[in-house]
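Hello,

Here is the structure I promised to pass on to you. Have a look through it first, and my notes follow just below.

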Amino acid sequence: MTKITDVAAYMNELGGKARTASRRLAAASTAEKNAALNAIADELDASRDALMVENRKDLEAGTAKGLDAALLDRLELTPARIDSMIEGLRQIAALPDPIGEIFDMNYRPSGIQVGRMRVPLGVVGIIYESRPNVTADAAALCLKSGNATVLRGGTEAFHSNQAIAASIHRGLEKAGLPADVVQVLATTDRAAVGSMITMPEYIDVIIPRGGKGLIERISRDARVPVIKHLHGICHVYIDDQAEVGKAFDVAMNAKTQRYGTCNTMETLLVAEGIAEEMLLMLAAPLQEKGVELRGCPRTLEVIDNAVAATDEDWDTEYLGPILSIKVVAGLDEAIDHIDRHGSQHTDAIITENYTRARRFLAEVDSSSVMVNVSTRFADGFEYGLGAEIGISTDKFHARGPVGLEGLTSVKFIVLGDGHIRT
């Protein structure tokens, strides 16, 4: 790799190429984009050995730096993970193309027709950590939605990301699209991130995928719009009119199906009228799975070996086998707690009371609000989006899982036949 000495100049050149490529891609047909996605999948399949060799360099460097086992696991490209990348590309190729969709066409009294057309955002910058498969996934989603993309992966995955980028570029060129449609930064210099997030003339939106520190820094310093979520403090509220078997199944799944995801339950709220029954039912199975229970005073009265929750616990995303539990008077207190301590990610109510369910849906201000469903369903694939590039807890311009449609905008179109305004 040639060392890049002038990062600012490099980023300016890269940004200009991305902007030019975005105009070409915006005009590409669905067939061209799908051909490119399938060609990239073919190139990844043909480059398995090279991908594994480059990934081994990253793993060896990570081991030497003392990366923990969890980070090394996310970094590793196994044959199954390469299979998954390839399958993901082919699945995205099979999804409907959102670009060019025309809708809401109406005649106005003047005789003109006014409607809207779905269009790409332009150039999407994505900053992410660890997992090299994100390089292929993000590139594919942006390509299908007509966006050029600039990708900055984690330093620890540099060699893997460059190898994946080479396959992407070969696939694009075979399909007749410019390689600059997808650009993976060829430098690990952190100054490149600073340039990316302050280049509104070249980059239309930034999507950070990583830890809270990374996202906070980008949100603070960016001069480009950011689609993000900082953390997922997700709640399940068990109402006193819940069916206990249903509540048990949902709560167990929401917490223990997988610990390290942003849609995992971190706080369980239980109505006083059903608290003793539910907590006694849940305590042993949760603890058998290694979950540490941190509770309010009422919880401690019911669960002998729970530990006292602190004020900090209600505001913590554990991403691990720890659960905060609070007994509340009822729906009003539950909604108030979520409003004060939630992260507007995903919150669920378990109840058989239709009126309370409707109140919860209306009054809880989160990107996903659920009734009698595990929070683990807050996912682009589960929502039928095919795939997602991340989850947004913002209210503009996308909210919740961001799939192909979330990577688009709309413009008004007006049709006439020589109409003039009088």
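This is a predicted model: local features need pLDDT of at least 70, side-chain atom pairs count only at pLDDT 80 or more; totals for chains, interfaces and linings use all residues.

Leaving aside residues up to four places away in sequence, Leu151 touches Ile126, Tyr128, Thr135, Ala138, Ala139, Val182, Gln183, Val184 and Leu185.

Leu151 also belongs to the largest nonpolar core, which has 48 residues. Along with Leu44, Ile126, Leu143, Ile164, Leu172 and Ile389, Leu151 is listed among the residues with the most contacts inside that core. At least two core residues come from each of helices H1 (7-26), H2 (30-46), H5 (79-94), H6 (133-144) and H7 (158-174), and from each of strands S3 (123-128), S5 (182-184) and S6 (205-209). H6 gives the largest share, eight residues. Apart from this core lies another one, of 43 residues, including Val236, Ala306, Ile325 and Val328. As a general background, nonpolar side chains in soluble globular proteins tend to be buried together.

Now to H5. At 1.5 Å a residue, its 16 residues should span 22 Å, and the end C-alpha atoms are 23 Å apart, which agrees. Which residues of H5 are buried? They are Ile82, Met85, Ile86, Gly88, Leu89, Ile92 and Ala93. These cover an arc of only 150° around the axis, so they lie on the same side of H5. The face turned away from that buried side carries the exposed residues Ala80 and Ala94. And what covers the buried residues of H5? The cover includes H2, H3 (48-65), H6 and H7.

Enjoy exploring!

Best wishes

Terms used: Residues are numbered from 1 along each chain as its sequence is written. Side-chain values use heavy atoms; hydrogens and water are left out. A nonpolar core is a set of buried Ala, Val, Leu, Ile, Met, Phe, Trp, Tyr and Cys residues joined through side-chain atoms within 4.5 Å. Buried means under 20% relative accessible area, exposed over 50%, partly exposed in between (1.4 Å probe, protein chains only). Helices (H or I, at least four residues) and strands (E, at least two) are DSSP runs, numbered from the N terminus. Contact means heavy atoms within 4.5 Å. The expected span of a helix is 1.5 Å times one less than its number of residues. The arc is that of the directions from the helix axis to the C-beta atoms.
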